[in-house]
Amino acid sequence: MKAFQVLFMLLLTAAVADGQSFHLGKCQQPSVQEDFDVTRYMGTWYEIEKLPAIFERGKCNQATYSLLADGTVKVHNSELLPNGKINSIEGVAKVKNSSQPAILTVSFFKGVPDGPYWVLSTDYQSYSLVYSCFRLVWDVISQLHDELASAGVNLNRLTVSDQTGCDQTKGMK
Ligand SMILES: *[C@@H]1O[C@H](CO)[C@@H](O)[C@H](O)[C@H]1NC(C)=O
């Protein structure tokens, strides 16, 4: 089973979240997977862990990547929400600079800024470590926190994504 871990580095422009290990300042530039082969990366990946857990809403999070004719990658993310509904979003991932194939940017829809997707390390089969660093203002974080809290989600700093009881979402598109 393909499983991935996402490290979201949130850069706050205004304040530091208490109890959370957010960084202020610039995004790190970690080294990425050498000679990344996007073709071998295609398929469905199950999320095992995310840091921090701020974006965690549902469970059974998975991402399916498929190659498009123009060389870009179709991204299909889905999760099972606490209310039992499946939430999914589609986007397109692109390599901006062909000499850095492990550094992709994902765009989901117009008006939403592109998100970075850096493949730090992967064996293409069982694991992938993904790094995504971007800036969020404090208001957005608070809003997300409120949404999460009202959905009854416990705001832990690091949680393991729940991949149990996912039968109904297996192979979901
Ligand atoms: C692409 O990446 C190479 C290697 O890191 C770098 O030297 C080059 O300036 C980059 N090109 C662009 C257009 O950013």
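**A buried tryptophan, the cores and the ligand site**

I begin with W45, which counts as buried because its relative accessibility is 0%. This tryptophan belongs to strand β2, residues 43–51. The side chain of W45 reaches the backbone oxygen of Y41 at 2.9 Å.

The average pLDDT of the protein chain is 74, and 57% of the residues score at least 70. Among the elements, helix α1 (residues 38–41) has the highest mean pLDDT, 94, whereas strand β9 (residues 159–160) has the lowest, 45. Over residues 9–24 the pLDDT stays under 50; for this stretch the model has 45 contacts beyond four places in sequence.

Let me turn to the overall architecture. The protein chain contains 2 helices and 9 strands. Read from the N terminus, the order is β-α-β-β-β-β-β-β-β-α-β. Of the 173 residues in the chain, 40% are buried. The accessible surface comes to about 9500 Å², and carbon and sulfur atoms account for 53% of it. If we take the contacts between residues at least 6 apart in sequence, 58% of them join residues at least 24 apart.

Leaving aside neighbours within four places, Q33 is in contact with A102, V119, L120, S121, T122 and Y124. The C-alpha atoms of Q33 and D123 are separated by 9.4 Å, with the two residues 90 apart along the chain.

Which residues have the most contacts inside the largest nonpolar core? They are F36, Y41, Y65, A93, L104, Y117 and V119, in a core of 16 residues. At least two residues of this core come from each of β3 (59–67), β4 (73–80), β6 (103–107) and β7 (115–122). There is also a second, separate core of 5 residues, and I103, W118, L120 and C133 are among them.

A93, from the largest core, touches T72, V73, V75, L104, T105 and V106, not counting residues up to four places away in sequence. T105 in turn lies in strand β6. With a relative accessible area of 18%, T105 is buried, because the cut-off for that term is under 20%. Beyond four places in sequence, T105 touches V92, A93, K94, K96, D114, G115 and P116. With one of these residues, K96, the side chain of T105 also makes a polar contact of 3.4 Å.

Most residues other than glycine have a negative phi. C60, which is not a glycine, has a positive phi of about 55 degrees. This cysteine is found in strand β3, and C60 is buried, with a relative accessible area of 0%. The other case is Y124, where phi is near 70 degrees, again a positive value in a residue other than glycine. Y124 is placed in the loop between β7 and β8 (127–136). Is Y124 buried or exposed? At 5% relative accessibility, Y124 counts as buried.

Finally, the ligand. Which residues surround the ligand? They are N97, S99 and Q100. A polar side-chain atom of N97 lies 2.4 Å from an oxygen atom of the ligand. For S99, the corresponding distance from a polar side-chain atom to a ligand oxygen is 2.8 Å. In the side chain of Q100, an N or O atom is 3.2 Å from an oxygen atom of the ligand. Taken alone, the ligand exposes 360 Å², and the protein buries 25% of that area.

To close, I return to three points. W45 is buried at 0% relative accessibility, the largest nonpolar core has 16 residues, and the ligand is surrounded by N97, S99 and Q100. Please keep in mind that the model is predicted, and that residues 9–24 have a pLDDT under 50. Thank you.

Key: Residues numbered from 1 in each chain as written. Predicted model: local features only at pLDDT ≥ 70, side-chain atom pairs only at ≥ 80, totals over all residues. Heavy atoms only, no water. Near = heavy atom within 4 Å. Polar contact = N/O pair within 3.5 Å; in protein donor to acceptor, adjacent residues only side chain to side chain. Areas by Shrake-Rupley, 256 points an atom, 1.4 Å probe, with all protein chains shown as cover. Core = buried A, V, L, I, M, F, W, Y, C linked by side-chain atoms within 4.5 Å. Buried < 20%, exposed > 50% of the residue type's maximum accessible area, 1.4 Å probe, protein only. Helix = DSSP H or I, 4+ residues; strand = E, 2+ residues; numbered from the N terminus. Contact = heavy atoms within 4.5 Å. pLDDT = per-residue confidence, 0-100.
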